[in-house]
Amino acid sequence: MVEQLFQKYEPSNRSNLIAILQDIQNVFGYLPENVIQQVADYLKLPLSSVYGVATFYNQFRLKPLGKNVIRVCRGTACHVKESENILSALELELKIKAGETTRDKLFTLETVACIGACSIAPVVNINDEYYGRVTIREIPKILKKFRLENKAQIKQNTGEE
Amino acid sequence: MIELTINNIKVQAEENMTILDAAKSVGIHIPTLCHMKDLFPTGACRICVVEVDGMKGLIPSCSYPVAEGMEIKTNSTRVKNARKTIVELLVENHPQDCLICVRNGNCELQNLAKKYSLREHRYIGEKKNHAIDISSSSMERDPAKCILCGRCVRTCNEIQKVGAIDFTNRGFRTNVTTPYNKGLNVSDCILCGQCILVCPTAALRERSSTKEVMNAISNKNKFVVAQIAPAVRATIGEEYNLPLGSNVTGQLVTGLRRLGFKRVFDTNFSADLTIMEEASELADRIINKKVLPMFTSCCPGWVKYLEHNHPEMIDNLSTCKSPHEMEGAVLKSYYAKKMGIDPKDMYVVSIMPCTVKKFESARPELNYNKIQDVDAVLTTRELVRLFNMMGIDFDDLPEDEFDNPLGESSGAAVIFGTSGGVMEAALRTAYFNITGKELEKLEFYDIRGLEGIKKSIIHIGEMELNVAVVNGIGNVEQMISEIKEGKIKYHFIEVMACPGGCINGGGQPIHQKPEKVKKRIQALYEIDQKMSNRKSYNNVSIQNIYKEFLIEPNSHIAHNILHTSYTDRRKLIK
C-alpha cells in the first residue's frame, strides 16, 4: 500500500518529504514508525531527519488518534473564560495530559488555538459536536455519553456475531 | 576588493567575504557558537551580531557579506547588550553544574558567561528537563546541557554523512536526539565522536571508564597492563600546553607506570602484526581470486558503518582484528603463557584516540577462549584526567621505554594513526612479500594528505594494484558506488571514519584550532622518518612471535587469535 503512495513522487528528492508524510497521514490517520523508515529509504534521507520533520510540524501525529477526539479551545476569549480549568478537569477525568490518548483508545485530548466560536466561550469540541459555555460540573456527564455510546456499540457488534 | 570600516579601522576585503571573516583578517574577534568553518552559515545562535550603519536591526556577521563602504561596529553598547542577553538566556536554560561537569574549564558557554560578566540571574523560569542517554558503551548524550547550536547535527549530517541525530520537536521542546529518542545504541550512530569534538558544552561526551580502570589497578589480584595507540603520543601534549604535534611517547610511558600499570606496551607492536596478517590476507585474496576489494578493518567506526548500511559487503572487510584487539589477544595468550599469568587475571587497558574503540572492546566477537581481548578503553582526554587526579605532572616527567616483547615497533606502525597510513604500511610489507626485495622509496605521497578520496596505482613486481584511501566516513558512499559500478577493479581500500584519521579521533583533546590536524599528522610522519626500522616485517619481536607461537601469517592459530567476524546490524536494529 505504501509503495502506491510513493509512486507519485520522485525518489531521492527530499523536497517531497512533507507531501509524502501528509499522504501517509491521510491513509493511516497517523505516521507509523515502519512507514517513516520506508520514507527515509525512499528519499535517501537519514531516519533522524524524517523524524525531525515529523515532530516539528503540529499537523503530524506519531500515534493513532483515539475513537473520540476532544479539542479544548485555548484561544483568547476561552482563556479569559478560564478554559484552563476545563482542560485540567478533562485531564483529571481522563487521566491523561493534553496531546495524549487514553489507554482504552477511546479519547484523545488536544488543545486548539481558536475554534472561532468566541461568543459561547469556553468551547469544547468533540468529534463534530460543539459544547458551549462549558462548566467543570458538566464534564463527567459529557464523557459518560460517549462511554455509553461505545458500550452500546460493542454490545451490538458482539450480539450480531 | 571592497573597502569598509570595522570599529573605525579601514579594512580591505574580498567580495563575498562575510563580515566575520573580514573582521578576523584585521584581528577583531567576534564570538560565534553555531558557526562552522567551511560549512554554509546557519545564522542560528545570533551571538555574532554586529551593528551596521544605516541598518535597522543587528546583523549576524557569520552569514552577512561585506559591501563597499559599510561601517560596522562590533563592540557598541547595543551589540554587547544583545550578546549578553543571548548568553544569559542560554545559561538560564542550562543546568549550571559547572563544578561537577566534565567540560569545566573547556566550555564555550562558560567562556562566554565569563567574557560578558554574567553576575546575576535575570531570567529565571522553566528549564528543559531531558534524560541523559547512557544507552551506548562509547558516548553519553546529555540534552539538558545542549544549547542547540546544531554543530553536532551538521557534523553528523554534512561532514560524516551518518545522520544519526537531528533536531526534533520545536520551540521550548526542541531537542537534538536520535529517531524516536531511542538512544544512540539503537540508532545508526557509528560512535565516531566527531560530534563531541565540536560540542561547545558537555551535551555530548565520552562514556568514562576511569573508575573501572582505577578499581582494577587497586585490585591486588589483577595484572593490569596498558597499551598506547600511535595517535595518542602526538596529541596528548596539547592538553599540557605543549606545541601542536609534540611527540611525548617517553613521558606517557612513565606517566602510565606511575598510575600503577604493571606493564606498558605499544599498540604499534600489534599494528605491525596487523600488517603482517593483512598483507598476507590481501595476497591470498588476489592469488586465490577471493572477494575483492579488501577493506581495512582497523577502524571500528567504519566497520560499524558498513554493518549498518552495506551488510552485503561484509565479506570485503579484512578479517583482521584491529591492532589494539590483537595486542589484547596476544597479551592474554602468548604473553600470559610466557609469564605464567592466568589470562583471567590480566586486565588490558587501551589508551585510544577514539570513542568507538570502547564499543569495539565490548563486541562479543572479540574474545579468545571466551575471555574478552581488551577490558577497558580510555580516551586521550580521560587519561589526562587520571594524570591530573593522581598528581602526575606531565611537564617534568622523565622519559621511559615500553616493555618488551610487545613494545617494539616499526615506523610503519606509527603512521597507522593517520589517513593513508595503514595503506602505506601494508604496501611496504606487501612489496617485500611479493617480490622478496626491499622497497627503496618508502613514502607513498599519493595516499597522504587530507583529501576525501586518494587513489593510486601501485606497481609491485609485475602486479598492478589499484588502491584507494577514504579519509572520513562522509566520503565512503562515493567510493562504494564506484566499487559497485565496477569501472575500476580495486584491490585494497583503506577507510578511516574520522577526517584525517585517528589523529583527529573523537577521543582526542578538544579545541577548535583548524591547523591542529595537519600538525598532528606531520608529527606522526616525523616519528616514522626518524625510526631506524620502518617496515613491519623487519620488527624482530614480530619475527620472534611468529617463530615461537603463531607459526606464520594467516596460520590456523593466527586465525583463532588475530581474526574476527562481523554482524549484519540492519537485522539487529529492526
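Trainee: How many aromatic pairs does a search of the whole structure find over all chains?
Mentor: The structure is a predicted model, and the search of the whole of it finds 11 aromatic pairs over all chains.

Trainee: Why is the pair of A:Phe6 and A:Tyr42 called stacked?
Mentor: The ring centres lie 4.7 Å apart, which is within the 6.5 Å needed for a pair, and the planes stand at 25°. Planes under 30 degrees apart count as stacked, so that is the word for A:Phe6 and A:Tyr42.

Trainee: What makes this pair a tie between parts of chain A?
Mentor: A:Phe6 belongs to helix α1 (residues 2-7) of chain A and A:Tyr42 to helix α3 (residues 33-43) of chain A, so the pair ties together parts that are 36 residues apart in sequence.

Trainee: How do you know whether A:Phe6 and A:Tyr42 are buried or partly exposed?
Mentor: Buried means under 20% relative accessible area; A:Phe6, with 5%, is therefore buried. A:Tyr42 has 22%, which lies between the 20% and 50% limits, so A:Tyr42 is partly exposed.

Trainee: What makes the pair of B:Tyr334 and B:Phe549 tilted?
Mentor: The centres of B:Tyr334 and B:Phe549 are 5.4 Å apart, with 40° between the planes.

Trainee: Why do B:Tyr334 and B:Phe549 count as buried?
Mentor: The relative accessible area is 7% for B:Tyr334 and 15% for B:Phe549; both values are under 20%, so both residues are buried.

Trainee: How do you know that B:Thr355 is buried, and where is B:Thr355 found?
Mentor: B:Thr355 is found in the loop between β13 and α11 (356-361) of chain B, and its relative accessibility of 0% is under the 20% limit, so B:Thr355 counts as buried. Leaving aside neighbours within four places in sequence, the residues in contact with B:Thr355 include B:Ser138, B:Glu206, B:Thr379 and B:Gly506.

Trainee: Which backbone atoms lie by a polar atom of the side chain of B:Thr355?
Mentor: The backbone oxygen of B:Leu191 lies 2.7 Å from a polar atom of that side chain, and the backbone nitrogen of B:Gly193 lies 3.5 Å from a polar atom of the side chain of B:Thr355.

Trainee: Why is B:Lys516 called buried?
Mentor: B:Lys516, placed in helix α16 (residues 516-530) of chain B, has a relative accessible area of 10%, and this is under 20%, so the residue is buried. Not counting residues up to four places away in sequence, B:Lys516 touches B:Leu244, B:Asn504 and B:His511. B:Lys516 and B:Asn504 are 12 residues apart in sequence and 8.4 Å apart in space, C-alpha to C-alpha.

Trainee: How do you know that strands β13 and β16 of chain B pair?
Mentor: Two strands pair if there are at least two bridges between them; four bridges join strand β13 (residues 346-352) of chain B to β16(B), and the strands run parallel. In β16(B), B:Leu378 is the bridge partner of B:Ile351. From strand β16 (residues 376-379), B:Ala376 and B:Leu378 point one way and B:Val377 and B:Thr379 the other way, and all are buried.

How values were computed: Residues numbered from 1 in each chain as written. Chains lettered and ligands numbered in written order. Predicted model: local features only at pLDDT ≥ 70, side-chain atom pairs only at ≥ 80, totals over all residues. Heavy atoms only, no water. Buried < 20%, exposed > 50% of the residue type's maximum accessible area, 1.4 Å probe, protein only. Helix = DSSP H or I, 4+ residues; strand = E, 2+ residues; numbered from the N terminus. Contact = heavy atoms within 4.5 Å. Polar contact = N/O pair within 3.5 Å; in protein donor to acceptor, adjacent residues only side chain to side chain. Phe/Tyr/Trp six-rings, centres within 6.5 Å; stacked < 30°, edge-to-face > 60°.
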